[in-house]
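My entries follow in the order in which I looked.

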Amino acid sequence: MVDLELDQGLAVITIDRPHARNAIAPHTMDELEKAIDAAEGALALVIRGAGDRAFVSGGDLKELSALRTEDQASAMAWRMRSICDQLAEFPSPVVAALNGHALGGGAEVAVAADIRVAADDIKIGFNQVSLEIMPAWGGAERLADLVGRGKALLLAGSGVVLDAHAAERVGLVDLVVPRSTFEESWRLVAHSLAVAPATEIKRVMAGVSAPDAVSAFAKLWIADEHWRAADRVMKRSK
């Protein structure tokens with residue numbers, strides 16, 4: 001099951017498959033794709049797993065074991081890769097709230113987000129090599145963008161699993177918070193991003209042209225929200 005919560009500009013997608021540690025099955029892909037589509041227009045998007053054991057534990061091997069031909073494996077990989085691309089290309093900021101371990105394909109889903117907020121007791125790793133396979137959902141390329149080609153090769157090639165603080169040190173995780181305040185922390189981060197300027201900043205970081213960036217700035221500059229905020233700042237400085 002994949003749930004979608006909409007709250008004041010914030011969309012929260014929760015993968016809720018506790019019996020499979022939130023692993024991705026074919027029907028999960030269908031539901032995840034529909035949830036991302038339904039979140040269109042949100043000012044920020046969060047993706048998380050249910051519970052505190054797993055964010056996403058990868059592909060559901062019990063269900064995916066039926067795929068025994070190269071064509072079937074390729075079709076599955078392209079399908080999930082396109083869903084991760086949807087997350088990466090979502091027009092507003094995307095936060096992966098790592099409530100539990102993100103392993104294999106779960107790490108690939110995590111790096112499709114713009115920001116990763118992790119509870120301090122989770123682990124993350126591109127450990128597909130333990131199954132004699134490699135990342136195929138776009139995670140290898142995104143990992144290299146995050147940590148550099150050398151570290152990406154080391155992490156994915158060895159399959160090492162990092163704890164939250166080690167992942168933060170190499171740049172794989174952006175923010176580590178205590179388990180006791182995890183829910184409050186990721187919601188605070190997400191709500192802080194659910195504002196129009198954050199969406200424009202993401203567009204600029206994605207490589208829009210200078211004229212587009214200046215145009216977006218100018219529209220924000222003349223908006224009532226900007227001047228209300230500016231007035232508050234000017235009043236404090238008196």
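I began with helix 5, which passes helix 6 in a right-handed crossing; a crossing is right-handed if the near helix is turned clockwise from the far one by less than a right angle, and left-handed if anticlockwise. This is a predicted model, in which local features need pLDDT of at least 70 and side-chain atom pairs count only at pLDDT 80 or more, while totals for chains, interfaces and linings use all residues. Residues are numbered from 1 along each chain as its sequence is written, and side-chain values use heavy atoms, with hydrogens and water left out.

**Helices 5 and 6.** I found helix 5 (residues 139-147) packed on helix 6 (residues 149-158) at an angle of about 130 degrees, with their axes 7 Å apart. The two are therefore oblique to each other (angles under 35 degrees count as roughly parallel, over 145 as roughly antiparallel, 65 to 115 as roughly perpendicular and the rest as oblique). Leu143, Ala144 and Val147 of helix 5 meet Arg149, Lys151, Ala152, Leu155 and Ala156 of helix 6, contact meaning heavy atoms within 4.5 Å. By class I noted 6 nonpolar, no polar and 2 charged residues there (Ala, Val, Leu, Ile, Met, Phe, Trp, Tyr, Cys and Pro count as nonpolar, Asp, Glu, Lys and Arg as charged, and the others, Gly among them, as polar).

**Helices 1 and 3.** Next I looked up helix 1 (residues 26-38) and helix 3 (residues 70-88), which pack at about 25 degrees with their axes 10 Å apart. That makes helix 1 roughly parallel to helix 3, and their crossing is left-handed.

**Helix 9.** In helix 9 (residues 196-205), I found Ala198, Thr199 and Lys202 buried (under 20% relative accessible area, with exposed over 50% and partly exposed in between, for a 1.4 Å probe and protein chains only). Seen down the axis, the buried residues of helix 9 fall within an arc of 100 degrees, so they line one face of the helix. They pack against helix 3, strand 5 (94-98) and helix 8 (182-193).

**Positive phi.** Which residue follows helix 9 with a positive phi? It is Gly207, whose phi is near 100 degrees. Arg21, not a glycine, has a positive phi of about 50 degrees, and phi of Asn22 is near 60 degrees. I located Arg21 in the loop between strand 2 (10-15) and helix 1, and Asn22 is found in the loop between strand 2 and helix 1 as well. Arg21 is partly exposed at 45% relative accessible area, whereas Asn22 is buried at 2%.

Note on methods: Axes are lines fitted to C-alpha atoms, for helices over the stretch in contact, and angles run from 0 to 180 degrees between N-to-C directions. Helices (H or I, at least four residues) and strands (E, at least two) are DSSP runs, numbered from the N terminus. The arc is that of the directions from the helix axis to the C-beta atoms.
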